[in-house]
Amino acid sequence: MKKQPFTTEANLQAFSQAHHETAAMSAIRTTAFQQYLDLPLAEFPKINYRRWPLYEGQPFTESSASNGQQEPVTAMIDQQGVQPATIQLSQEAQAAGVIALDFFKAQAQYPELFAKYYMTLALKADAHRLAAYHAAAVNSGVLIYIPKNVKLTEPLTLNFQQDTTTGQTYVHHVLLVAGENSDVTILESRQSDHKQAISANLVEEMILERDAHVHFTAIDRMQTVAYLARRAYLMKNARLDWALGLMNDGDILADFNTDLIGEGSHAEFKAVAIATGSQLQGVTTRITNYGQHTEGNILQHGVILSDATLIFNGIGHIVRGARDSDAQQENRVLMLSRTARGDANPILLIDENDVRAGHAASVGRVDQAQMYYLMSRGLSKDVAERLVIRGFLGSVLAEIPSTEARDALKNTIERKLIDGQKHRDSAE
Amino acid sequence: MSEAKTKNTKNNEELENTVPDLGEDYDYGFSDDVQPIYSTGRGLTEATVREISAEKDEPEWMLNYRLRAYRTYQKMPMPDFGPDLSDLDLDHMLYYQKATDRQYRDWEDVPDTIKNTFDRLGVPEAERKYLAGSSAQYESEVVYHNMREEFEKLGIVFMSTDQALKEYPEIVKKYFGTLVHMNDNKFAALNSAVWSGGTFIYVPKGVKTDIPIQSYFRINAENSGQFERTLIIVDKDASVNYVEGCTAPNYSSDSLHAAVVEVFVEDDAYCRYTTIQNWSKNVYSLETKRAQAMKNATMEWVDGNLGSKTTMKYPSVYLDGEGARGTMLSIAVAGEGVIQDNGARMIHAAPNTSSSIVSKSISKDGGAVNYRGTVRFDRDSDGSFAHVECDTILMDERSTSDTVPFNEILNGNVAMEHEAKVSKISEEQLYYLMSRGIPEAKATEMIIMGFVEPFTKELPMEYAVELNRLIAYEMEGSVG
C-alpha cells in the first residue's frame with residue numbers, strides 16, 4: 001500500500017511563495033516532495049523505526065509571523081517553534097562580518113551559499129526518505145556563516161525550542177558554514193516543551209572549509225519523536241570537536257555523521273546519553289575517512305535506567321586511498337536496571353591498509369563495590385548511584401571546553417537521572 | 001619500482017630456501033577421474049529430493065522433512081547481508097553423487113582411485129598416528145569410516161548420519177533439525193532438503209576421550225554441491241574432541257559446500273569442534289553451525305578458514321544452561337579474490353554463562369576478510385560475561401576488512417567487553433627483526449606466525465604443523 005503524501009504540491013508551493021523562497025529553493029522542495037515516498041528508508045543497524053510517525057503531521061499550518069528587530073547585545077540565536085529566529089549578534093561578531101539569519105531570509109540574501117552547501121554535501125536531499133521529507137517540508141531554521149580568517153573569542157549560542165502546542169510538525173534546518181581558517185565555538189540547546197504525539201525532523205549541516213576549527217557542543221532535551229541529524233563535511237586540515245549530551249525523553253533517531261574529506265582533517269566526537277522510562281534512543285555515529293592523514297575518534301558513554309533502550313552504533317569507515325589515517329572508537333554502556341536494554345555495536349569498515357583502526361566496547365552494571373562504599377558512608381542508594389554515574393560520564397564531560405556548557409550539561413544529567421530514578425522507584 | 005621488485009624476488013628466494021617444502025600452487029587442487037555410480041544429475045527439483053531419499057531408503061518422516069525443507073528453500077530469499085552471491089549458479093549444481101556402493105571399514109577395501117585421493121591428502125596416515133576414529137566423505141557419501149575398538153567399547157557411536165538414521169532412528173529423530181531449523185536461512189533449508197553424509201557422534205554419559213575423532217570432506221567433481229549433515233550429542237559429563245578437514249580440486253567453475261552442523265552438549269559435558277577448511281578457490285562455503293550448551297557444559301569452536309571463494313560461517317553457541325561456557329577461536333586468511341565472511345554468535349540465555357570470541361584475520365592480495373558476530377544477553381542471563389577480541393592484519397593496500405559486531409544486552413546484570421584492531425604488519429616489529437639480519441619475507445612470516453600462534457597452539461600437533469605450512473604458503477610473495 002502506497003502511503004499518502006503529507007501534503008499536496010499546491011500547499012507546498014503556496015507555503016514556499018508565502019515565505020518568498022527563491023526559485024532554486026522552491027525547486028529543491030518540489031523535487032524532494034515528488035521523490036520522498038519512493039526513496040528507501042535510511043538504514044541504521046539494529047534500530048527499527050519503521051512505525052515511528054516521522055512522515056506524518058502538518059508542517060505548513062499558519063503561524064503568526066512576528067519578526068521584531070533586536071538590539072545586538074550578545075551572540076545569541078533564539079528560535080521558538082517555527083517562528084522566525086530572534087538573532088542577537090555581538091559587536092565582535094558583527095564587526096567580523098558573521099552572518100546569522102533566519103532560514104527564509106537567508107536563502108533570499110545568500111542564494112550562492114545555499115546553492116553550494118544546502119543539502120548538497122553533508123546530507124544530500126535524495127539520500128533517503130528522511131532527508132527528502134526534510135527538504136520538502138522544512139518550515140524553519142537558520143543560517144550561520146563565519147567568514148574567512150574570523151576567530152571568535154565568544155561562543156555563539158543557539159537555542160531552539162519546538163512548540164508542540166500548535167500541533168504543527170517541526171522540520172528545522174541549521175546550515176553552518178565555517179569559512180577558511182575560521183574558529184568558532186557553538187553552544188546549542190534543543191528542546192521541546194511537552195511530550196506530544198508529534199514529530200520533529202531536525203537536520204544540521206556543518207561545512208568546514210580549509211583550516212576551519214569548530215567546537216560544537218549541544219544539549220538535547222527533546223520530548224517528541226525525532227529524527228535528529230547532525231552532519232559535517234570537513235575540507236583540508238579542518239577540525240571539528242563534537243561534544244553532545246543526549247538527554248532526550250522522547251524516542252530519538254540520532255544520525256551523527258562526519259565526512260573527513262580533506263587531507264589532514266580531524267574530528268573528535270564525544271557524546272553522553274541517558275535513557276530513562278521506556279524511551280528508545282538509537283544513536284548512529286559514523287566517521288568516514290576519505291582524505292589522507294585524517295583522524296576520527298568516537299567516544300560514547302551511555303547510561304540506561306528502567307525499561308529504556310539505548311543503542312550505540314559507532315561506525316569507523318576508512319575508504320581506499322585514505323592512507324595514514326586513524327579511526328578509533330570507544331562505546332561504553334552502564335545498565336542500571338535488569339529490564340533495560342543496551343546495545344553497543346562498534347563497526348569498522350576498512351578498505352585501506354596503511355591505517356590505525358580500533359574499537360572497544362563494553363556494557364556493564366554499576367560497580368557494586370563503589371556503591372557499597374558510598375552507601376556505607378551514609379549516602380542513599382539514589383545519591384550513590386548518581387555519583388557513580390557522574391564518575392562514569394566524567395571522562396566525556398571533562399572534554400567539553402566551555403565551563404558554562406559543562407555545567408549546563410552536568411545539571412541536565414542530574415535532573416534527568418533524578419527523574420529517571422523517580423520513575424523507576426514509583427514503578428517498583 | 002624495479003629496485004623494489006628485485007628486492008622482493010630475492011626475498012622470496014630466501015623464503016623458499018628457509019621453507020623448502022612449499023608447493024607451487026594449491027596442494028590439493030588435483031582431481032580424480034572417478035565416475036559416480038549414481039548421480040541425480042544437474043539441477044534441483046522435487047523429484048531430485050524424492051530420488052535422494054529413495055536412494056537412501058529413508059523412513060517416511062525424513063522424506064517429508066526434506067520435501068518441506070525444499071519448499072522452504074524455494075521461498076526463502078538469499079541472505080541480505082555479507083558477500084555477493086549472485087555468481088553462484090544453483091541451477092547447474094550436482095546435488096547428489098555417490099562414488100561407491102557401500103562404506104568401507106578397512107582402508108584397503110576402498111576403491112583405488114578414491115583411496116589415492118585420501119592418501120595424497122594424508123588421511124590414513126593421520127588416522128594411524130593419532131586418531132581415535134576417522135571417516136572420509138567423497139562427494140555426497142561417506143566412503144569410509146572406522147573407529148578404534150577401544151573407543152567403540154566405551155559405547156561411543158561414530159558413523160555417517162545416513163547410517164545413524166538407520167541404526168539409531170529415535171536419537172536422530174529426537175535431535176535432527178531442532179537446533180538449526182530448516183527456515184533458519186536459505187542454505188540451511190537447502191541442506192535440509194538434500195543433505196547427505198556428514199558425521200554422527202554420540203558419546204554416552206560419563207565417557208571421556210581426549211584423542212580426536214576426525215572426518216575428512218572432499219569434493220571431486222566440477223560444480224558439485226556437498227551438503228553434509230553433522231549431528232553430535234555429548235551426553236552428561238562426557239567429552240569429545242572432533243576435528244574436520246575439507247579440500248576440493250581447482251576448477252574454473254564453482255562448487256558449493258553448504259553444511260549444517262548441530263551439536264548438543266548436555267549438563268557438565270565438553271565438546272571441542274575443530275575445523276580446518278582449505279577449500280580450493282572455486283568453492284562457496286555457506287555453512288550453518290550451531291551448538292547448545294546445557295548446565296555447566298562447555299562448547300568450544302576452533303575454526304581455521306584458509307581457502308574457498310566465499311565463506312559465510314558464523315558458528316553459534318546457545319548457552320541455555322546455567323553456568324554454560326562457549327568459546328570461539330578462529331583464524332581466517334583471505335587471498336586474491338577470496339571473501340572470508342566469518343564470525344560467531346553467542347546467545348546467553350541462562351544465568352552465569354560465559355563466552356569468549358577470539359578472531360584473528362589476515363587479508364592479502366585484494367582479499368576481503370570480515371568479522372560479523374553477535375553477542376546477545378537475554379532477559380534471564382544474570383551474572384553472565386562475554387569477551388570479544390578481533391584482530392586483523394591487512395597485508396597490502398588492495399585488501400579490505402570489515403568488523404561488524406552486534407552486542408545486544410537485555411539484562412542489566414551482565415558484563416561484556418569487546419575490542420578490535422585493524423592494522424598493517426607492525427613496522428616496528430619488522431624493523432626490529434630486519435635489523436637483526438632477518439630478510440623481510442622471513443620477518444613478515446615470523447610476525448604472522450606470532451599473530452596466529454594463539455590459534456595454532458590449540459590444534460593437535462600434526463594439524464598445527466600443517467596449518468603453519470599452509471599459512472607460510474599463503475603468505476609467500478606477500479611482501480612488497
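A residue is called buried here when its relative accessible area is under 20%, counting protein chains only as cover. The model is predicted. With that cut-off, helix 6 of chain A has these buried residues: A:Arg129, A:Leu130, A:Ala131, A:Ala132, A:Tyr133, A:His134, A:Ala135, A:Ala136 and A:Ala137.

**Helix 6 of chain A**
- Helix 6 of chain A runs over residues 129-137 and is mostly covered, with 9 of its 9 residues buried.
- Among the elements of chain A that its buried residues pack against are two helices, helix 1 (9-18) and helix 2 (23-35).
- The buried residues of helix 6 of chain A also pack against strand 6 (170-178), strand 8 (199-208), strand 10 (225-234) and strand 12 (252-260) of chain A.

**Overall form of chain B**
- Chain B contains 12 helices and 25 strands.
- Its radius of gyration is 22 Å, close to the 23 Å that the globule rule gives for 480 residues, so chain B is as compact as a globular protein of that length.
- Taken along the principal axes, the box filled by the C-alpha atoms of chain B is roughly 70 × 60 × 45 Å.
- In chain B, 64% of the 480 residues count as buried.
- Of the contacts in chain B with a separation of 6 or more, 84% are between residues 24 or more positions apart.

**Surface and charge of chain B**
- Chain B carries 78 negative and 49 positive side chains.
- The centres of these two sets of charges in chain B lie 3 Å apart.

**Annotated region of chain B**
- An unreviewed UniProt entry gives residues 153-214 of chain B the annotation "domain: SUF system FeS cluster assembly SufBD N-terminal".
- Over residues 153-214, chain B is 39% helix and 18% strand.
- The end C-alpha atoms of this stretch of chain B are 18 Å apart.

**B:Ser330**
- B:Ser330 sits in strand 18 of chain B, which spans residues 325-334.
- The relative accessible area of B:Ser330 is 11%, under the 20% cut-off, so B:Ser330 counts as buried.
- Apart from neighbours within four places in sequence, B:Ser330 is in contact with B:Asp303, B:Val358, B:Ser359, B:Lys360 and B:Phe455.
- B:Glu141 is 189 residues from B:Ser330 along the chain, and their C-alpha atoms are separated by 28 Å.

Notes:
Residues numbered from 1 in each chain as written. Chains lettered and ligands numbered in written order. Predicted model: local features only at pLDDT ≥ 70, side-chain atom pairs only at ≥ 80, totals over all residues. Heavy atoms only, no water. UniProt positions renumbered as here; feature names shortened; annotations may be inferred. Helix = DSSP H or I, 4+ residues; strand = E, 2+ residues; numbered from the N terminus. Rg over C-alpha atoms; globule rule 2.2 N^0.38 Å. Buried < 20%, exposed > 50% of the residue type's maximum accessible area, 1.4 Å probe, protein only. Contact = heavy atoms within 4.5 Å. Lys, Arg positive; Asp, Glu negative; His and termini not counted. Charge placed at Lys NZ, Arg CZ, Asp CG, Glu CD.
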